[in-house]
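Please look over the structure shown here before reading on.

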2 protein chains.
Amino acid sequence: MQDVFLYDTTLRDGNQDRKISLSLADKLQVAKLLDTFGFDYIEGGWPNPSNPTDVEFFKRIGEMQLNHAKVAAFGSTRRPKILAENDPLLQALVASGAPVKTIFGKSWDLHVTDVIRTTLEENLDMIESSIRFLQEHSEEVIYDAEHFFDGYKANPQYALETIKAATLGGADFIVLCDTNGGTMPWELQGIFEEVKKVTDVPLGIHAHNDSGVGVANSLVAVKSSAQMIQGVLNGYGERCGNADLTTIAADLVLKLQKNVYCGKNLKELRKVSLALDQIVNLPSDVHSPYVGDAAFAHKGGAHIDGVMKVSRSFEHVDPKLVGNNRVFVTSDQAGGSLVVEKIKELLHIEVDKKDPKVQNLLRLIKERENAGWHFDSAEASFEMLVYRTLGRFESPFSVENYRVIEDRSEQGVSVSQASVKLRVKDEISHQVAEGDGPVNALDAALRKALVPYYPYMKNVHLKDFKVRVLGSNVGSDAHVRVWSTFGDENGVWHVAGVSTNIIEASWFALVDGLSYKLYQESLKGSGK
Amino acid sequence: MQDVFLYDTTLRDGNQDRKISLSLADKLQVAKLLDTFGFDYIEGGWPNPSNPTDVEFFKRIGEMQLNHAKVAAFGSTRRPKILAENDPLLQALVASGAPVKTIFGKSWDLHVTDVIRTTLEENLDMIESSIRFLQEHSEEVIYDAEHFFDGYKANPQYALETIKAATLGGADFIVLCDTNGGTMPWELQGIFEEVKKVTDVPLGIHAHNDSGVGVANSLVAVKSSAQMIQGVLNGYGERCGNADLTTIAADLVLKLQKNVYCGKNLKELRKVSLALDQIVNLPSDVHSPYVGDAAFAHKGGAHIDGVMKVSRSFEHVDPKLVGNNRVFVTSDQAGGSLVVEKIKELLHIEVDKKDPKVQNLLRLIKERENAGWHFDSAEASFEMLVYRTLGRFESPFSVENYRVIEDRSEQGVSVSQASVKLRVKDEISHQVAEGDGPVNALDAALRKALVPYYPYMKNVHLKDFKVRVLGSNVGSDAHVRVWSTFGDENGVWHVAGVSTNIIEASWFALVDGLSYKLYQESLKGSGK
């Protein structure tokens, strides 16, 4: 028996995030991701005539086979002064065919009188009759008590009346919502106790992060007997976001020892979190609890020393449990010995810190770190620097020159053309190519110059490309850092390039990205 | 009398953040910022011979006049088996001249025996004697009980012994540290109760965010009588970061009604938060509670409607209290009426949604939003689109063509050259310029072509420049969004450009940025 049900509303409340705008294809992809991970409910959206994407979503998701998750359609209680069965929005909910319907209703007297402008009596009937109507057409009906905590604080008696109405209507879950995100954990706890006195329906929590306590409120609710948590994977959502279901899932399993369905997939947590960021096209939060790149990254010398001696001494959980890894940050502050450790690991050889070649390498690493290369997110560039400086890799090509020409005609048509002249295997390879923009043209020309000599280069693709301006002295003449991901059928690797010139920075990254592949292939040749 | 003292450790624990590396100048600037805002303690670093930056910091800060904050130097208890006065690290703490010394000691038996490898007895004496020695050379000594909660859970009796040792040594504050960030709010509350039974020294809390409850733990500690909160502005720090003092400051004042010194400056909270991000050179978190760009941004139609009727109905606090603003997001989802509202506000005229020109404008806005322009962060580009489409602005120049040539010679020297041909006031202005990179060259050439006609353009500067790759179909041929900040003596404005070609996207942004200035000047001419 599950202790707590996880209800994800990425597709509805998450989509209210200022930075997110999901297409139908995105929504279906996210739904599949959430189901595969093992969330219990997936709220798909608010199907109604003014929202054709969501109407279509429910049609399409109904035709798909999900592993475990129940699909919920979201809406509100009926309008004042009509019968529930005559309310077009409730009819649209029924028409969605979703097995679960979740509707919100008003708990706060101010909202009843001043926002939806009806009587307190009528609102109670709206709650009860809407739930009862939906129950006739659903497997399950969930009642979201909007602004419950604010409502309770303003008028406790009325707020509890709305809970009784939802109970009479036949709700399967009553979810107390901290809609504005302003409630403190200790307030929430006390209010849960009061609600339990007036209903036997299982309770849930829907928290927002406006006071920075969205996760804590969700967990405290569970301690106060809540059996459902509504939230959003990675904590996206309007304003400061919804309670972060990524963190909550890990906390429930690892800290509260709760039985949740997705618990068996917890090792996939980081992968699922990164996949969502990829679909919504937002950078992942490196600091995100459990799943962020930095979540188990140690930088302080004393901490690194401590973790090496006894890992649990400086780690609250084993990173492997959530699919993450321990990282020792390669920064100039971490000192030379850590870098030497990394070099040993890469080359499987003993390295002497006093060797002049190693000294030179350490100096170069520090210089580039200071210039903004950030090797900890560009491992392949770090490796190439090591291999080149220690004489482990002789590039099989050298660059004679390159040129990029970017034209915009009077008709407003832009054309990018790049030529690249390389010396490869004692021959000159001089190639020209056009592209969508200068980097694409350079990439195409560079590949065109290399493929005749290294046919496997055809399968290497530039998969991601990001540019950041460095330094506080910003402007178009500041240093820029280009970061790219390359990949082929065997995996992906990350490189960086830094220059005041964006084309040059891109060029460094392109050369590192392709050289890394050449190095990997050279190892095969040498049987390493 | 203050209820709670705020102790900021941005300069020490915050600087352990994977993405942060503060120079001496940065540190002094941050210290001034923290002091001006009204934090009570500023932890400056760990002064010792292997950390010359921090040694210098304490020298320099000692010569500065601060408004209110006390400066604290950080270190650890003495090493095993020597006298406190002979410990070189404690001597370095004294030599720093900082009025407050904060030292951490071991609370967890595992750490005593397996990490610092001494006896449980000796550790108690290390705590007591180190504090006593520092008291002779300080105005105040704060004891940080490292890993206190983990230590208490492993061996409560020993953990409490360490508190008694710190009490005997004469600590002014004993701060219970959740060093690994793994403690839940309810556990923390119970442990505070036990500690209060063995000491009368005022207690504090030092929380990390590894379980997503760093803020909640800090607040719960205050409810459990803690009188000091250690944290980091904006929540930077190793792994998942320290407890976020930005959120905590606002919660203490607005939710717990606590008397804190910085409370009188709460209206500066957003400004201070943004200023720190600028110094550490990291993008601000739009979702950050209270201070983020999105913290009071409403997107959902029902919410916007509600806020317009009764603002507190959908806002937990008034944004003005923390120096933030309510925002209605200009997204395609928010619908046409919101856009019409914005246009009315800009032009101070009635706009008819059914006017074909307006219809065309709404279509263009939606198209560009979908293409990734994100007008809510590029107001000047939004305005230029409105002015152009509604015939409010006739650009005084047109572009005949431009060309950028980017060369890298055999010697590895990169040269960027741009030529721009404009038609201005019925003349041809054809100019060429070199620059550090193609965008800088284009910017220079465009300005060179405009300045003879509009001398005030000389004072307009490109202040920030960012590039993001859009769409899930990433690679060097994907759409890129260029976002820039322009400014002159009168203020700053933001523009965006989107294209598959990074040069073209930059060009759109440059043209919008300069056109915005031309428009502003044209208003002056017309007396508007």
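This is a predicted model: local features need pLDDT of at least 70, side-chain atom pairs count only at pLDDT 80 or more; totals for chains, interfaces and linings use all residues.

Chain B is superposed on chain A by a rotation of 180° with 0.1 Å of shift along the axis, at an RMSD of 0.4 Å. That is the relation of a two-fold axis. In chain B, the C-alpha nearest this axis belongs to Ile405(B), which lies 2.1 Å from it. Of the interface residues of chain B, 99% are also interface residues in chain A, so the copies meet through the same surface.

| Core | Residues in core | Members named |
|---|---|---|
| Largest nonpolar core | 198 residues | Tyr143(A) and Tyr143(B) |
| Second, separate core | 90 residues | including Ala418(A), Ala445(A), Val495(A) and Trp483(B) |

Within the largest nonpolar core, Tyr143(A) and Tyr143(B) touch the most other members. When its neighbours within four places in sequence are left aside, Tyr143(B) is in contact with Ile103(B), Gly105(B), Ile131(B), Ala166(B), Ala171(B), Phe173(B), Ile174(B) and Val175(B).

The buried residues of helix 10 of chain B run from Leu245(B), Thr246(B), Thr247(B) and Ile248(B) through Ala249(B), Ala250(B) and Asp251(B) to Leu252(B) and Val253(B). Among the elements of chain B that cover these buried residues are strand 1 (5-8), helix 9 (214-223), strand 8 (228-231) and helix 11 (269-280).

Technical notes:
Residues are numbered from 1 along each chain as its sequence is written. Chains are lettered from A and ligands numbered from 1 in the order in which they are written. A residue is buried if 20 or more other C-beta atoms lie within 10 Å of its own, exposed if 12 or fewer, and partly exposed in between; C-beta atoms are placed from the backbone. Helices (H or I, at least four residues) and strands (E, at least two) are DSSP runs, numbered from the N terminus. Two residues are in contact if their C-beta atoms, placed from the backbone, lie within 7 Å. A nonpolar core is a set of buried Ala, Val, Leu, Ile, Met, Phe, Trp, Tyr and Cys residues joined through C-beta atoms within 7 Å. Copies are superposed by least squares on the C-alpha atoms of residues with pLDDT of at least 70 in both.
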